[in-house]
Amino acid sequence: MLTRFRALTVTGAVCASTFLALPNAVAEVEPGGWTSVSPTYTVQERGCGQVDGLTFQLTCSTASGDQRAERRYATYTGGTRQFEGYFRISSLSGTRISLKQTFNESAAGPYFMLAVERGGRLYAVHGGDTLSNAGTVGATVRVNTVHQVGSSHRTYINGSLQHTYSSPGGSFYDKFGAYRTNSGNGPATVVWSNVRFWRK
């Protein structure tokens, strides 16, 4: 009886240990074979853009020029990458502010841009598809992008697949924050949290 109890205790300890290791290894969408990674980043402040930790502000209403407050993450060149982050727009007097980008470094331009219009519509800048109306001021929204380089790019809003885009090969990187699109303007304040990355 004592031997059996010890065996159960050891098994329980192993299971508990395995369970404790899972949160960093299991992705929130499209689970299976993901490895958690921590890419490096640089902070970009241009024009009236200001960054304070994970708070990104455009303090002006200027409708021209480079107005940005973002984090630019390290370049990747292959495989499949997953980004996850939560954003909350705490103020938006302007409109058409990009929140998250997957940038095609090989083509020297943004490849996918998720932006918000005043009123909360989240849309893909290239093509204009509406992804959700969840981007209202004060609401917390979860964003996942899954990028298979050379195949496809998928965007999830609050865990639901909302957009699929074909992908060329090449070099890419992730950016998020607050960035004036060509037809947009600030002011805007966006607070991001719980940003994570995986690859496989």
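**Strands and salt bridges**

Guide: At 35% relative accessibility, glutamate 105 counts as partly exposed, a class lying between buried (under 20% relative accessible area) and exposed (over 50%), computed with a 1.4 Å probe on protein chains only. This is a predicted model, in which local features need pLDDT of at least 70 and side-chain atom pairs count only at pLDDT 80 or more, while totals for chains, interfaces and linings use all residues. Residues are numbered from 1 along each chain as its sequence is written, and side-chain values use heavy atoms, with hydrogens and water left out.

Visitor: Which side chain meets glutamate 105 in a salt bridge?

Guide: A salt bridge here is a side-chain nitrogen of Lys or Arg within 4 Å of a carboxyl oxygen of Asp or Glu. The partner lies in strand 5, whereas glutamate 105 sits in the loop between strand 7 (95-104) and strand 8, 33 residues apart; strands are DSSP runs (E, at least two residues) and helices are runs of H or I with at least four, numbered from the N terminus. At 3.0 Å from N to O, the residue that meets glutamate 105 is arginine 72.

Visitor: How many residues apart in sequence are the parts that arginine 154 and glutamate 30 tie together?

Guide: The closest N and O atoms of this salt bridge are 2.7 Å apart; arginine 154 is buried at 13% relative accessible area, and glutamate 30 is partly exposed at 22%. Because arginine 154 belongs to strand 12 (residues 152-157) and glutamate 30 to the loop between helix 1 (2-21) and strand 1 (35-37), the separation in sequence of the parts they tie together is 124 residues.

Visitor: Which strands stand at the edges of the open sheet of 7 strands?

Guide: Two strands pair if DSSP finds at least two bridges between them, and the open sheet has the order 2-5-14-7-8-9-10, with antiparallel pairing. Each edge strand has a single partner strand, so one side of each is left without a neighbour in the sheet; these are strand 2 (41-46) and strand 10 (130-132).
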